[in-house]
Amino acid sequence: MIKLLTFDLDNTLWSVDPIIARAENAMMEWIYQNQPELRFKVTTVQFEQYKEKISSEQPHINHDLTQLRLTTLRKVLEGHVAGDVNTIVGKAYEVFQRERNIVQYFPYVLETLEELAEQFPLIALSNGNADVHKVGIGHLFKHHFSAAGVGFAKPHPAMFEQALAIAKVAPHETIHIGDHPIQDIQAAKDVGMKTIWVNWMSQTWPLASKPDAVVHNFEDLPDAIASLTHQLETI
């Protein structure tokens, strides 16, 4: 019997790349408006280069995308801004985070989540720093675990294990739904969960071990869950 559904967020419920691009552009534009001299000194591309460099130099913060971004901002702005760097960093990040939590859901995601939340407890498991409450689905999820909060990013098992522990269910009583073959599907299978791969782009499955089910849109998700539940009940 299935007693819990866990969901990835980025690229499972919405496409994240355009969101990050928009949020970074808004953040940089705020910096330019408040520190005009930086407009021709620091570009978005340079910011990304700084971020990659810091990620390489400080791998211990790679799982915490918020800390990585704040550290990068501080490094970029130090020595170039008038006023307190930490204050400017904080305000710039507020702009980023506000835009980061404006999402455009894939088709039928909201309707399907609402339907499933009436049948199962839902828990969000994300390596990213979206906030389920700020994006408007917090009322549908019992808990939200992030890599920053847990201390490890998927495919590390910690996030999955914490979800199982707080829900007090066994791995085989849980289905994890996500888009990433390694971070979501293989990682959840390694913990013992059932898995559904959300394959929006109709890609070829790249690993030897396959998901328990595949969907190409959210309309098919309830049927896939019902099918897995039926299979477990007949074993």
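Modeller: On a 1 Å grid over the protein atoms alone, a cavity is a set of points where a 1.4 Å probe fits but cannot get out, a pocket is an open set with protein on both sides within 12 Å along at least five of seven lines, and lining residues have an atom within 4 Å of a point. Grid points join across faces, edges and corners, and a volume is the space filled by probe spheres set on them. This is a predicted model, where local features need pLDDT of at least 70 and side-chain atom pairs pLDDT 80 or more, while totals for chains, interfaces and linings use all residues. Residues are numbered from 1 along each chain as its sequence is written, and side-chain values use heavy atoms, without hydrogens and water.

Biologist: What volume does the largest cavity have?
Modeller: About 40 Å³. The structure holds 1 cavity of 30 Å³ or more.

Biologist: Which residues line the largest cavity?
Modeller: Among them are His-63, Asp-64, Asn-127 and Ser-146. The lining comprises 3 nonpolar, 6 polar and 1 charged residues (nonpolar: Ala, Val, Leu, Ile, Met, Phe, Trp, Tyr, Cys, Pro; charged: Asp, Glu, Lys, Arg; polar: the others, Gly among them).

Biologist: And what volume does the largest pocket have?
Modeller: The largest pocket has about 410 Å³. Its lining has 23 residues, with Asp-10, Val-16, Leu-65, Arg-100 and Gly-128 nearest the centre. By class, 5 are nonpolar, 7 polar and 11 charged.

Biologist: What about the second largest pocket?
Modeller: Its volume is about 160 Å³, and its lining includes Phe-106, Trp-197 and Trp-200.
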